[in-house]
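Please read this note with the sequence and the model side by side. The points are meant to be followed one after another.

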Amino acid sequence: MSVRNITTTLELKSIMAIATVVLVTTAGVGGAALGVGPLGGQETAVAQQENPLETGVSLDPSSATVTSGETTTYDVVVDTADGGVGAYDFTVSIGDSSIASISDVAVNGNPSEQTTDVSIAEDGSSADVTAALANTSDSGTVTIATVTVAGDATGTSDVSLAVEALGTEAGESYTVTEATGASITVEADDTEPEPEPEPASFQVSNLDAPDTATQGDAVDGSIFDVSADVTNDGDEEGTQTVAFRLDLDGDGTLGENETLASQNVTLGADETQTVTFEDIDASGLDVGNYTHGVVTDDDSATATIAIEAADDDDGDDGDDGDDGDDGDDGDDGDGDETVRETAVSLQPSDSTVTVGESTTYDVVVETADGGVGAYEFTVTLDDPSVASATDLELDGNPSEETSNVTFADDGSSVSAVAALANTSDTGSVTIATVTVAGDATGTSDVSLAVEALGTEAGESYTVTEATGASITVEADDTEPEPEPEPADFQVSNLDAPDSATQGDAIDVSADVTNDGDEEATQSVEFRLDVDGDGTPDDEALASQEVTLDGDETQTVTFSDIDTSGLEPGDYAHGVFTDDDSATATITIEDDDAEPEPEPEPATFRVSNLDAPDTATQGDAIDVSADVTNDGDEEATQTVEFRLDGDGDGTLAGDEALASQEVTLDGDETQTVTFEGLDTSGLEPGDYTHGVVTDDDSATATITIGEEERDDEETVYWQVDFGEGESPPMPPRYYPNDLMSALGNSDDGVTQNPSPRRQGTDGQLGDVTIVDRKFKFDDEGKPTEVTVEFEIDEDGEARDLHLAVFVLPGPFEMDEIDQQELFEVTSATYEGGDTGELTVSIPQEDDDE
């Protein structure tokens, strides 16, 4: 076999052994991976036949275009993997970080979190990615990571790629022939924004209502229906109140207070709904023409309705003996009308209040006959400097849509209009109550004017007299309530010891009384003159939040006040509130008791080191020592076994071969044993070693003897699968060998394969080896080996052979010429063939 120099190598075998640390180094000739043995010596893996795995690595796609504020991704692609990708170390950089920035990196192959590190620069200009123990596809193109890049400003920037290391899942290194970057172009976002949707707009059309209605009962036609189409001309769904209004006051407008019926209607965009108001009652309306309509927040549709007088139609136009009296008493032109007369007055007729107080006047219909269904009146203060109207309540529960109350700005008058009220049918009826406030001393008339008054059936009263009232406002001579006294926390009855010994815990109490009228909360403090300036201000040792009502007293106690920190002497002290204090003096006396000694800190001493004086390379040895805590306090330390591997005469911390965490109480001893310490990595010679704590160590010397080797009896062999009827002699196969394996008669198969090629041209890439390794009849004691393979359909015809060589000893590069052919078998194969070759493995008792 032969090898050649490979410049950049990843120490994947060290990664596999440690499993938590990624080591990326530059290896020496042959690309051999170095491991660290259990005793600190270097172990060199068996050299391989020269086997360069080559591949390019690139960013895909090679260019991308985004608008400012958007992101794109680039895959980091290994172009020709052979054996998968188990570890990688690369850097992606943005050429112009003002144009774009790296925002995220996702690693592929599911590497362990403990063996993965992604570091993105703060400004997003670069990302460093290191990973090990990944598991990817074995061959072909393999994506090992995906990098997300954000477009920040218009322009174009290179996105470069640098690969520091790349290795297979088996720990072999790739030679990266080329690392190809990419570019990003960031364009301005010129897209037009979506137009704002038009808000809902409820339009009214197709008003359907009768032109006339008859005054009176429902059976006479006073109940009618009104409908209209309501369409939402906007783009958004909306909900509005759709109202039917009628111009009750005759001002030519349909005010909100003239709403007779309403519905909440919800419409989607461009949706139409017919809204119907049923059973509109016209019985309370006077004869005449009225404007009415259906109204939304955005539109209305109006018309006019004529309210006509009812016809009694009793068929008695002749003299039928009832004198024309049809029993309806109404003014219907049939000659039997009853004239309804009544007076209206304010009650009481006079009232006296003090300045700032109010009184009320009832508006009373004195002789009702048929109740009061509608009314309109005005109450006026003749001297608005003396009194003013502040409120008016309507009686008879008229509808909100058919009632209105209006006050003059200065309160000098109030007007009321109401319809569809329901009151007592006969006698005196209160239709409203007016509230009047006394503003200044004096007397004022309160006048009443009645514009209209009607029964519940819609017939009119003749108001024979409207009688007002008067108000007298007097000065308020009562004494005002005195302002309550604010809280005032006074301190009394201080109770504290006159003296105490250093370290004593003392109790102090005092009574705190709130001498004010108002409840309050204050911080009550115990203070002591620690600095000796004669006043205990700002030297609070304890405090309590105390809440007291007016004239309430509470005893406040401060318990277990510690005096251990005070020097002997006299101290002023006291209990303090925001308003008062009570003070006294306490004498602190010296404590003559001896202080407790400080405990000695933990000290771990080492004694009774027990270890062998000699050992042979490869022996496992046991070492023990007694560790004693000479201190008073419990502690935990790391107890280590160290060996002077570099021969400098010291046992440095980095020469620890084993360690244990040991916890000991004061004066406790524990025997610490290190078992099975491996000496196979040590060269023959004398070594200083010992057991070490943070405080002490015990050392000795051990002599390591050379391991006895019986190389003459051990048979070392090598298997090669290659092109041709017979192997080259001497067996230097590179670059046309396909796969090799190593072993010996003591250890059996040691490497299978070692190595396998087929990564580049000339290495028989059209031959596929089944399971990618040889098949031995017994891995521990093999007697024969088989290779199974397939030739691609378009593969060329060729001879292939399987050969076994006997080596003079463990594989060495400079001993290739000394290898002897033991056995060879071969055959000729064409494209599409499957093949199988088998040879014997040399044994110790075989003749040379």
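1. Which residues does threonine 513 touch, not counting residues up to four places away in sequence? Threonine 513 touches Asp488, Phe489, Gln490, Leu548, Glu552 and Thr553, where contact means heavy atoms within 4.5 Å.

2. Before going further, please note that this is a predicted model, in which local features need pLDDT of at least 70 and side-chain atom pairs count only at pLDDT 80 or more, while totals for chains, interfaces and linings use all residues. Residues are numbered from 1 along each chain as its sequence is written, and side-chain values use heavy atoms, with hydrogens and water left out.

3. Threonine 513 lies in strand E37, which covers residues 505–514; strands (E, at least two residues) are DSSP runs, numbered from the N terminus. Threonine 513 counts as buried because its relative accessible area is 16%, and buried means under 20%, exposed over 50% and partly exposed in between (1.4 Å probe, protein chains only).

4. Threonine 231 has its place in strand E18, residues 223–232, and with a relative accessibility of 17% threonine 231 is buried. When neighbours within four places in sequence are left aside, threonine 231 is in contact with Ser201, Phe202, Gln203, Leu267, Glu271 and Thr272.

5. Is aspartate 445 buried or partly exposed? Aspartate 445, which belongs to strand E32 (residues 442–454), is partly exposed because its relative accessibility is 46%. Its contacts, apart from neighbours within four places in sequence, are Thr380, Leu381, Asp382, Ala469 and Ser470. Aspartate 445 and threonine 380 are 65 residues apart along the chain, and their C-alpha atoms are separated by 8.2 Å.

6. On the surface, a patch of negative charge is formed by Glu196, Glu198, Asp233, Asp235, Glu236 and Asp270. Patches are made of residues with over 30% relative accessible area and no salt bridge, with like charges joined within 9 Å and nonpolar side chains (Val, Leu, Ile, Met, Phe, Trp, Tyr) within 5 Å; a salt bridge is a side-chain nitrogen of Lys or Arg within 4 Å of a carboxyl oxygen of Asp or Glu. Charges are placed at CG of Asp or CD of Glu, both of which count as negative. Glutamate 198 sits in the loop between strand E15 (182–187) and strand E16 (202–208), and at 49% relative accessible area glutamate 198 is partly exposed.

7. Met729, Leu821 and Val824 make a nonpolar surface patch of about 250 Å², an area that comes from the Shrake-Rupley method with a 1.4 Å probe. Leucine 821 is found in strand E58, residues 820–829, and is partly exposed, with 38% relative accessibility.

Terms used
Helices (H or I, at least four residues) and strands (E, at least two) are DSSP runs, numbered from the N terminus.
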